[in-house]
Amino acid sequence: MADDKQFYSKPFIVLCWLIAAVGGLMFGYDIGISGGVTAMDDFLLKFFPAVYAKKRFAREDNYCKFDDQRVQLFTSSLYLAALVSSFFASKVCTKYGRKQTMLVASGFYLIGVALNAAANNLIMLIVGRILLGFGVGFGNEAVPVFLSEIAPLNYRGAVNILFQLFVTIGILCANLVNFFVSEFHPWGWRLALGLAGVPAFMLFLGSFVIPDTPTSLIERGQLQNGRTILQKIRRTEEIDNEYNQIVHASELAHQVKNPFKKLAQPSSRPPLVIGMLMQVFQQFTGINAIMFYAPVLFQTVGFKNDASLLSSVIIGLVNVFSTLVSIKTVDKFGRRALLLQACCQMFITQAVIGIILLTDLKTTGSLGHVEAIVVVLLVCLFVMSFAWSWGPLGWLIPSETFPLETRTTGFAFAVSSNMFFTFVIAQAFLSMMCHMRATIFFFFAAWILVMGLFVVFFLPETKNVPIDDMNERVWKQHWFWKKYMDCDHDENGHKVPNQVHP
Ligand SMILES: OC[C@H]1O[C@](O)(CO)[C@@H](O)[C@@H]1O
């Protein structure tokens, strides 16, 4: 029996998961903070005086109060930056490892936060936000892959979902901060933006403490080191099976010189299409219309400033606790069951919110007390179902379906799809609400129907399937995806086995 001291202790292993998941906290905080900050008068007065004036005097049109492209640019510039940087991040992640990629992310975060908190003009504000976006691009690429690779096989799903759990905690912290600092005039918004420095610094320090994943070490030729870390994190010397699997996967990965080419081959289509669509659909649930603009949304339907911030804190709490449900259930009920149940709940809630706003706001111009409470309750029910389904599984499924040779590059496509559509919704939502009015909720409901059908017909169950067996056990058995397997070709059009693409 080996000396126990040579292994990492259990608390240290859990600490490593949590340190990595702080990347999610940063992302969530950035998501949650912008809606509250753009609802603060001091902030609007300093950077967007015209919008401030519109907000004060244009009471007659509830839907269009905050429709201003520049305010939306503040929120959405981060996502464009993240979109572009995730491809650079995938290269860094393969070449220098997951740990170094997280360190780079924390560096971007720290500089971005400093610029934002000290901003004296719009340029500083937007440049800071773009740097935060680079941080998100690097962090969101490295963290889910790190968690999936470092987690023991039997609770990989739960460990991976720590990322999304921390996203939701970040959003909640941001909502709480917004609620309290809105009283501090005129610099409350600086505090709100500056407090993002806390998780950024935690990630920075943590990046020195955690080991890299055995997969990444082995892939980068550090076989002995990879083996030792594997023994330490599994707390046993009997790791030969897993070690050999990783070495085999890494040999296959080395045969692939150009992961983009490999991704263009038919056999990569199932994970690529599914990985990207999971993220696209996640955004088309309308979740970020709620998350970014919850305070604005509640003001729009007639809540006072404090009440609307408080309602978003409640939504934040629902989001966190419902994500815990998915950690408990994802490996028991499976991915499909969670996604389909949520589609039903989300469809009904979006549609009913649309009906209430359509009928009530049209006749009275603002919501009655009871209707307003019902809307908040419906929003909570909507967020609840999102949080145990499309939220975490949007990250989990892409992280478990790509083979090692295309993992970081394929995952970058998934991350950037998320960022692109987060950007689109952030940029377009206020204008859409202004033009489509309450019908926007029917727009999202229609998408939810489409994604439900997609799950029924095209999403195979991946619960309890080892990553390296996806091709055999999932794709080759699926009525639709099987036709893409075993028909890869080289540059001369000759058929090649689907693993090898020099
Ligand atoms: O919890 C909600 C949040 O989760 C995400 O979907 C990321 O998975 C964000 O886009 C959203 O704001």
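At what angle do the axes of helix α1 and helix α4 cross? I started my notebook with that one, keeping in mind that this is a predicted model.

**Entry 1: α1 and α4**

I looked up the two helices and found α1 at residues 10–37 and α4 at residues 69–96. Their axes cross at roughly 160° and come within 9 Å. Angles over 145 degrees count as roughly antiparallel, so α1 and α4 are roughly antiparallel to each other. I also checked the handedness, and this crossing is left-handed.

Which residues make the contact? From α1 I wrote down F27, D30, I31 and S34, and from α4 I wrote down F74, T75, L78 and Y79. Sorted by class, the contact of α1 with α4 has five nonpolar, two polar and one charged residues.

**Entry 2: α6 and α7**

Next I turned to helix α6, which covers residues 122–150. The axes of α6 and α7 come within 8 Å and cross at roughly 155°. That makes α6 roughly antiparallel to α7 as well. Is the crossing left-handed or right-handed? I noted that α6 passes α7 in a right-handed crossing.

On the α6 side, the residues that meet α7 are N140, V143, P144, L147 and S148. On the α7 side they are R156, V159, N160, L162 and F163. By class I got six nonpolar, three polar and one charged residues for the contact of α6 with α7.

**Entry 3: α19 and α20**

One more helix pair went into the notebook. Helix α19 runs over residues 390–401 and helix α20 over residues 404–436. The two axes come within 9 Å, with a crossing at roughly 160°. I could therefore write down α19 and α20 as roughly antiparallel to each other. The crossing of α19 past α20 is right-handed.

Where do they touch? W395, P398 and S399 in α19 meet F411, A414, V415 and N418 in α20.

Then I went looking for disulfides. A disulfide is a covalent bond between the sulfur atoms of two cysteines. How many disulfides are there? My count came to zero.

I followed that up with C93, which is in no disulfide. The cysteine sulfur nearest to that of C93 belongs to C16, and it is 16 Å away. C93 has a relative accessible area of 0%, so I marked C93 as buried. C344 is in no disulfide either. For C344, the nearest cysteine sulfur is that of C343, 6.9 Å away. The cut-off for a disulfide is sulfur atoms within 2.5 Å.

I wanted to see a cis peptide bond, and I found one going from H185 to P186, with omega near -5°.

I placed R235 in the loop between α11 (223–234) and α12 (240–255). Its relative accessibility is 26%, so R235 counts as partly exposed.

N464 went on my list too, with a positive phi of about 60° although N464 is not a glycine. This residue sits in the loop between α21 (439–458) and α22 (470–473). Is N464 buried or exposed? At 56% relative accessibility, N464 counts as exposed.

**Entry 4: the two end segments**

F7 has its place in the segment before α1. F7 counts as buried because its relative accessibility is 7%, and buried means under 20%. What separates the C-alpha atoms of F7 and K232? I read off 4.1 Å, although these two residues are 225 residues apart along the chain.

H478 lies in the segment after α22. With a relative accessible area of 10%, H478 is buried. Leaving out residues up to four places away in sequence, H478 touches F457, F458 and P460. I also looked up the C-alpha atoms of H478 and F457: they are separated by 9.8 Å, and the residues are 21 residues apart along the chain.

Key:
Residues numbered from 1 in each chain as written. Predicted model: local features only at pLDDT ≥ 70, side-chain atom pairs only at ≥ 80, totals over all residues. Heavy atoms only, no water. Axes fitted to C-alpha atoms, helices over the stretch in contact; angles between N-to-C directions. Helix = DSSP H or I, 4+ residues; strand = E, 2+ residues; numbered from the N terminus. Parallel < 35°, antiparallel > 145°, perpendicular 65-115°, else oblique. Left-handed = near helix turned anticlockwise from the far one by under 90°. Contact = heavy atoms within 4.5 Å. Nonpolar A, V, L, I, M, F, W, Y, C, P; charged D, E, K, R; others polar. Buried < 20%, exposed > 50% of the residue type's maximum accessible area, 1.4 Å probe, protein only.
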